[in-house]
Amino acid sequence: MIRLRGVSYAYPDTANYVLADLDLSVGQGEVVGVVGASGAGKTTLAKIIAGFIPSIEGGVLSGDIDVNGVAISSLTLSEAVAQVGLVIQNPFNQISGAKFTVLEEIAFGLENTGVPREEIAERVQAVAKQLRVDHLLDRSPYALSGGQMQLVAIASMVVMRTPVLVMDEPTSQLDPGGSRMVFDIISQLTDLGTTVLIFEHKIELLREHADRVAVLADGRITAEGAPRAILSDPRLEKWAIGTTRYTRAGLAARDTGLAPVTGELPVSMPDAVEFFGPSGKH
Amino acid sequence: MDITFDQLRYTYASGVEALRGVSLAVPTGQRLAIVGQNGAGKTTLVRHLNGIFRPTSGTVRIGDWTTTDKQIAELSARVGYVFQNPDEQLFARTVRADVAFGPKNLGFDEQRASELVDAALARTALTREADAHPHHLSLSERKRVAIAAVLAMDTPIVVLDEPTTGQDERGVRMVASITNELAAEGRTVIAITHDMDFAAENFERVIVMAQGEVHADGEPGEVFSHTDALAKAAVEPPQLMRLARELGWRAHPLTVESFVAQLAKKPQ
Ligand SMILES: Nc1ncnc2c1ncn2[C@@H]1O[C@H](COP(=O)(O)OP(=O)(O)OP(=O)(O)O)[C@@H](O)[C@H]1O
Ligand SMILES: Nc1ncnc2c1ncn2[C@@H]1O[C@H](COP(=O)(O)OP(=O)(O)OP(=O)(O)O)[C@@H](O)[C@H]1O
Ligand SMILES: [Mg+2]
Ligand SMILES: [Mg+2]
């Protein structure tokens, strides 16, 4: 569970607040997607929830940041890491640099947690299989393609089984099949009670998998609600976030009188089949 | 300046066979999108163009040059390469210094260099960030710095490794218009991408790679209709083509305009 109230933040030596009076909550077992333009503060927010800001990056932070009912500021960084897994945006930077193989890399976070050796080995194998990187386990973590590295970065967090996972554009380097796989895994994790906050540009996948979607703009959450309602809002174009081609086609069809002017626009393929199909509204 | 890959094979020192015989000709001024599964060899392929990698066997030609005869510095006058990971490409303390490195290194006189830098910063909407430290920018902003650094080199061939990754809608549209402008000036643009809508809307040719080989090659409308070959490469067609197929249409609309035009033809 994540609960943010009145969160404001400015980086060191800067005058302007990247986040200003932001409120957001994610319930246990829920997956909430956050969309926001380039530079909107998505990564900043992710690092705040994980406790990396201000402890590592400094700056001026205010407001309440609670994870599972505990203020993140009251935890040491290692206690915070046990509560929140952060999949960072650039997978290259998630690689520890301390390990020689992908296998050791995925196991790294578990090593100092008291989990028995045999269990670590089992969990690493299972997660590697789940993320389809089991054929890469003997490789150096640096001898990978960008997408493979991203899958390893995700695996190294999923293996920790933290109650909360914050994922900063975790599918940015992935092929379409891999992106779908990661969202399917997220759904499996939330079914088991994991709380997931995901920052993502792939609107079609958010529509299909998120329980709720929030828009980050001007340092705060400017809209929040059901995925289809939020993600079909034409203002997303104005906010530079963008819409799917299904939504754009729906709007264009409306403009030319080929679709009814009321009702929700389509965001995903099933929405669009219903919207445009023979049994649809027109 | 035409590009040819002839039976290109590349095996990493660790023994991974990343390219297993790629033959491909890219004529001057073409907009070519390379798509395909993670680990297919896309990055390995394009890194042969500016000499970061040398063929294990086979040849790569750029105009009248064979890459093995040339130094990286020489090749960089012909090929600009935007790295997949901007943090691997950028090294300077200010955005401007990063963007100015290429033109300086290519020996352009100061005035031309500074004109190119200003134009590249403006084109990528980074003028205001010129004096910022790249580490104080967000990742998508850093990716735009990496793109600007290559635009400022004014090369006849521009290679973009996942240029839209992490970009918001404004950024994706920016990359699309840069692509089209470069091609209009007669430059060759090769972009690797996992965004099939971006590929379908902005490129005249698409190749699909899987396991070190090219599995499909042609116009987007045609390539994206080979659903079996695509599935093997973990690729799916662009959104509106998937929708048209689901609706049972025979047409393959690549753009919103062509989708709506097709819709207008259907009996209501
Ligand atoms: N270390 C830093 N010092 C100063 N400013 C910073 C720093 N890191 C980021 N910023 C600025 O803070 C703003 C938010 O950055 P952040 O990385 O959170 O954006 P983002 O929404 O994640 O963007 P992207 O979509 O590109 O990943 C940006 O304007 C960025 O330039
Ligand atoms: N430094 C390296 N050492 C050994 N093998 C590598 C190295 N870099 C990449 N590989 C392997 O070479 C193959 C091709 O990698 P490449 O980076 O070209 O893929 P890609 O198509 O660009 O993938 P992505 O879409 O994930 O970026 C993959 O199997 C990868 O694991
Ligand atoms: Mg970010
Ligand atoms: Mg790559």
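In this predicted model, the magnesium ion (ligand 4) is held at 2.0 to 2.3 Å by OG1 of B:Thr43 and OE1 of B:Gln84. Donors here are N, O and S atoms within 2.8 Å of the metal (3.2 Å for Na, K and Ca), and water is not among the atoms, so sites may look incomplete. B:Thr43 lies in helix α1 (residues 42-46) of chain B, while B:Gln84 lies in the loop between β6 (79-82) and α3 (86-89) of chain B, so the pair ties together parts that are 41 residues apart in sequence. B:Thr43 has 21% relative accessibility and counts as partly exposed, whereas B:Gln84, at 13%, counts as buried. Buried means under 20% relative accessible area, exposed over 50%, and partly exposed in between (1.4 Å probe, protein chains only).

The two chains may now be considered together. In chain B, 41 residues are in contact (heavy atoms within 4.5 Å) with 42 residues of chain A. Five salt bridges are counted between chain B and chain A, each being a side-chain nitrogen of Lys or Arg within 4 Å of a carboxyl oxygen of Asp or Glu. One salt bridge joins the side chains of B:Arg242 and A:Glu204 (3.0 Å, N to O). Among the elements of chain B that give two or more residues to the side touching chain A are α6 (139-151) and α11 (239-246). Helices (H or I, at least four residues) and strands (E, at least two) are DSSP runs, numbered from the N terminus.

For the complex, the predictor gives an ipTM of 0.96 and a pTM of 0.96.

Residues are numbered from 1 along each chain as its sequence is written, and chains are lettered from A and ligands numbered from 1 in the order in which they are written. Local features need pLDDT of at least 70, side-chain atom pairs count only at pLDDT 80 or more, and totals for chains, interfaces and linings use all residues, while side-chain values use heavy atoms, with hydrogens and water left out.
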